[in-house]
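Subject: Structure for your review

Dear colleague,

Please find the structure below, followed by an account of what was found in it. I would be grateful if you read the two side by side.

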Amino acid sequence: HSFPTRRSSDLAMLIGFFMNGVCVLAAVIHGDIKLSFGFTLSQLPIILFALVCVFIQSASEEMWYRGFLYERIHANYPLWLAIIMSGLIFGFGHMFNNGVSILAVIDIMVIGLAIAMAKWQSRSIWLVFGIHTGWNLMQNFFFGLPNSGVVSGVSVFWLDAVNTSGKLFYDTTFGIEGAVSTLIIGLLLALVSFALAFKSGRLAELRERSGQPTNKA
């Protein structure tokens, strides 16, 4: 049940695609948004380049939150605190994004906590690189929806703003990251990670600290 190498990022991108796709599908079925197909072959090089850029941006965030910060906290405190704190700080880090709401901050905190749980269960930073990249790429460059309040100018689909309303599964300013669906899908990822760790008999790790020194001489 673990993904210790870079190969895990391939599967993880599919997980990110699936998570984001479920949230968008819920918004479409519920009538919160309407999407129109707008892809042309001339956009393909831009979207491929976007994949590289999104991976670098997403991996950089994960290196800070689930790499450096997570490991520094875990060095001196129980693992459960490192997981929770990395999620909370991840959410606070998005507090000043355009159009952010209280629910959006909570959503992002839960997603951050869930990704930290996935890192713990998989023992792989590459897994969280992939999940984060898959989510952002699907949301911004496939569906053409806001990513942390920012909309891409190039996407496979585009949002019909005239037929979009702020309802249960979509926030008109912040997108699905400000809606209840993101909260649900984040909790689901956390529960799956917890269940896999439980099955592997690893729950005792949550009370442990890594014991690594926070400063080297």
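Where is Arg 123 found? Arg 123 lies in the loop between H4 and H5. Please bear in mind that this is a predicted model. Arg 123 counts as exposed because its relative accessibility is 52%, and exposed means over 50%. Leaving aside residues up to four places away in sequence, Arg 123 touches Arg 202 and Glu 205.

The next topic is helix H3. This helix covers residues 79-92, 14 residues in total, and from its first C-alpha to its last it reaches 20 Å, close to the 20 Å expected at 1.5 Å a residue. Its buried residues are Leu 79, Ala 82, Ile 83, Ser 86, Gly 87, Phe 90 and Gly 91. Seen down the axis of H3, these residues fall within an arc of 165°, so they line one face of the helix. As a general point, an α-helix has 3.6 residues a turn, so residues three or four places apart point the same way. The cover over the buried residues of H3 includes helix H2 (44-76), helix H4 (102-122) and helix H5 (125-142).

Yours sincerely,
A colleague

Definitions and conventions:
Residues are numbered from 1 along each chain as its sequence is written. This is a predicted model: local features need pLDDT of at least 70, side-chain atom pairs count only at pLDDT 80 or more; totals for chains, interfaces and linings use all residues. Side-chain values use heavy atoms; hydrogens and water are left out. Helices (H or I, at least four residues) and strands (E, at least two) are DSSP runs, numbered from the N terminus. The expected span of a helix is 1.5 Å times one less than its number of residues. Buried means under 20% relative accessible area, exposed over 50%, partly exposed in between (1.4 Å probe, protein chains only). The arc is that of the directions from the helix axis to the C-beta atoms. Contact means heavy atoms within 4.5 Å.
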